[in-house]
Amino acid sequence: MNLVTLSLISHTNVGKTTLARTLLRTDVGEVLDQAHVTEVSEAYDLVKTKDACLRLWDTPGLGDSARLVSRLRREGNPLGWFLHQVWDRYRDRALFCSQQAVRNIQREADVVLYLVNTSEEPEEAGYVPHEMELLGWIGKPVLVLLNQTGPAGSDRDRAALDQWTAAVKPWPIVRDVLPLDAFTRCWVQEGVLLEKVAGMIEGEPHATMEALTSAWERGNLSIFERACGSLGRYVLTAALDRETLTGQGLGQTEKRRAMRVLAQRLDDTTRRLMDSLIADHGLVGRYQTDARERLDQDFDSPGETAWSSGRAGVLGAAMGGAAGGLVADVAVAGLSFGGGAVAGALLGAAGAMGLRRGFQFVRAEQTPEVRWASEFLDQLLRQSLLRYLAVAHFGRGRGEWRETGNPERWNALVEGAVSHAGDGFEQATSKLRDAGETFDGAEQLFSSYVRQVLSEVLSTAYPQAAHILRTTEPLSDSGENS
Ligand SMILES: Nc1nc2c(ncn2[C@@H]2O[C@H](COP(=O)(O)OP(=O)(O)O)[C@@H](O)[C@H]2O)c(=O)[nH]1
Ligand SMILES: [Mg+2]
């Protein structure tokens, strides 16, 4: 078995175990906001193929570094001296943990992943130069990871990269600096991390690392493909969905019933879509929007079927004031939010754009029916792309998936990619609706449209990862990647 080994290391309480969880997509170790929680080094398999393994060590954090390093400077063989001391696990906890970490790097690491917390300025993190000096004695190549930057592309993220790159530049062991926020990173950034590691080692380990990176990328691309398939089917299903009005068909009660049924179905498919995206991305938790909770709290009054326009106004305000006529539609339809109908997909999409009308009444061969308006489908598409991004950026180390509010920048990225993609979506949608049923290749058409748009979004947001989305063949579902 060919092995490549990474040691996650940092000053204590910066977020190593949290990042390990995000990378491994498993809740390993213990996370607490206090020093020296992890006291022994633990190994995990990050990527595994038939004959190779990428191992990730989560180590105890470094502590009391200034004192330690100034003591070590007086030794002819600082590392030898340090590793032969006997420290008490409880009384000398910081030194005990530091020793564990140093021993792990010296014995195991091909590459050291050194994490810094960028919610501190480099000048505030006085321990960093000392820890760099310590790592310099060991001499293994170091990749500095910037944690707690917040979402990529923000001003804070860019400033942190500049400041911290300048701060660690003097140390020759530092080969590269990479933002990787354990809470808000996108999976493609992890691919970039692995490629950087491969570039930092030579000989046989280098070849092994390239093979492991490629296995990781193929595995993650097949998750991406699956997501595009699910999103494509989701919008296709909504485009085709319709509810026939029965009886005379034109009474308000019947219209209301039909709209409610349509909305309920969309709500159900939205929940299924999200739950499958969450699970496919190695996350835990279920889909539950803030909007839904807010609406349940504010508006659930059992027994009430229709909503007054006053209440619709209040609801519009709760949705950000932009939901416009759709809220009126919903109100007329007498949807019960408490019962779980609507909310998420419907009002989320509407709220984002001030849609006038969500439903459309049509006559198909003399039968009146209700379906989603095409402007609504356009918005549903955008909404579902944003929902994908919210899952693709959620790090397992953050805990159960939940809606956390999208960075402003995503809207522009999605709009840009949708407009570059041309009118393929509108065309496919009207073809479906004219036919009134699905056609051969429709699923494929919607999925590849989604794939094209999302690839552009991710490539624009993460230019260093663009080639991953472009060139690698995804694995089939029986993938060899862990
Ligand atoms: N905001 C934010 N907090 C983080 C991030 N990573 C870790 N934390 C928090 O930092 C604290 C220490 O994390 P932990 O993983 O136990 O650090 P370790 O001691 O280096 O292993 C915990 O309270 C985490 O929730 C991150 O990416 N963003
Ligand atoms: Mg830890």
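Which residues line the second largest cavity? Keep that question in mind as we go through this predicted model.

Start with empty space. Rolling a probe the size of a water molecule over the atoms shows where such space is left. A search of the whole structure turns up 3 cavities of 30 Å³ or more.

Take the largest cavity. Its volume is about 50 Å³. Find Thr-22 and Arg-25 in its lining. Then find Arg-185, Trp-187, His-281 and Leu-283, which line the largest cavity too. Val-391, Ala-392, Phe-394 and Arg-396 complete the list. Sort this lining by class, and you get 5 nonpolar, 2 polar and 3 charged residues.

Where does the largest cavity lie? It lies between domain 1 (2-185) and domain 2 (224-454), because both domains give residues to its lining.

Now for the opening question. The second largest cavity has a volume of about 40 Å³. Its lining includes Thr-149, Gly-150, Ala-152 and Asp-157. Pro-179, Leu-180 and Asp-181 line the second largest cavity as well. So do Thr-184, Arg-185 and Gln-189. By class, this lining has 3 nonpolar, 4 polar and 3 charged residues. Look again at Arg-185: this residue lines the largest cavity and also the second largest cavity.

Next, turn to ligand 1. What space does ligand 1 take? The answer is the second largest pocket. Around ligand 1 there are 15 residues. The closest are Gly-15, Lys-16, Thr-17, Thr-18 and Asn-147.

Zoom in on the oxygen atoms of ligand 1. A backbone N or O atom of Val-14 is 3.3 Å from an oxygen atom of the ligand. Asp-181 uses its side chain: an N or O atom there lies 3.3 Å from an oxygen atom of ligand 1. Asp-181 is also one of the residues that line the second largest cavity. With Ala-182 we are back at the backbone, where a polar atom is 3.2 Å from an oxygen atom of ligand 1.

How much of ligand 1 does the protein cover? On its own, ligand 1 has 580 Å² of accessible area, and the protein covers 83% of that.

Key. Residues are numbered from 1 along each chain as its sequence is written. Chains are lettered from A and ligands numbered from 1 in the order in which they are written. This is a predicted model: local features need pLDDT of at least 70, side-chain atom pairs count only at pLDDT 80 or more; totals for chains, interfaces and linings use all residues. Side-chain values use heavy atoms; hydrogens and water are left out. On a 1 Å grid over the protein atoms alone, a cavity is a set of points where a 1.4 Å probe fits but cannot get out, and a pocket is an open set with protein on both sides within 12 Å along at least five of seven lines; lining residues have an atom within 4 Å of a point. Grid points are joined across faces, edges and corners, and a volume is the space filled by probe spheres set on the points. Ala, Val, Leu, Ile, Met, Phe, Trp, Tyr, Cys and Pro count as nonpolar, Asp, Glu, Lys and Arg as charged, and the others, Gly among them, as polar. Domain bounds come from an automatic or database domain assignment. A residue is near a molecule or strand if one of its heavy atoms lies within 4 Å of it. A polar contact is a pair of N or O atoms within 3.5 Å; within protein, one must be able to donate a hydrogen and the other to accept it, and residues adjacent in sequence count only if both atoms are side-chain atoms. Accessible areas come from the Shrake-Rupley method with a 1.4 Å probe; for residues, only the protein chains shown count as cover. A molecule sits in a cavity or pocket if more than half of its atoms lie within 2 Å of its grid points.
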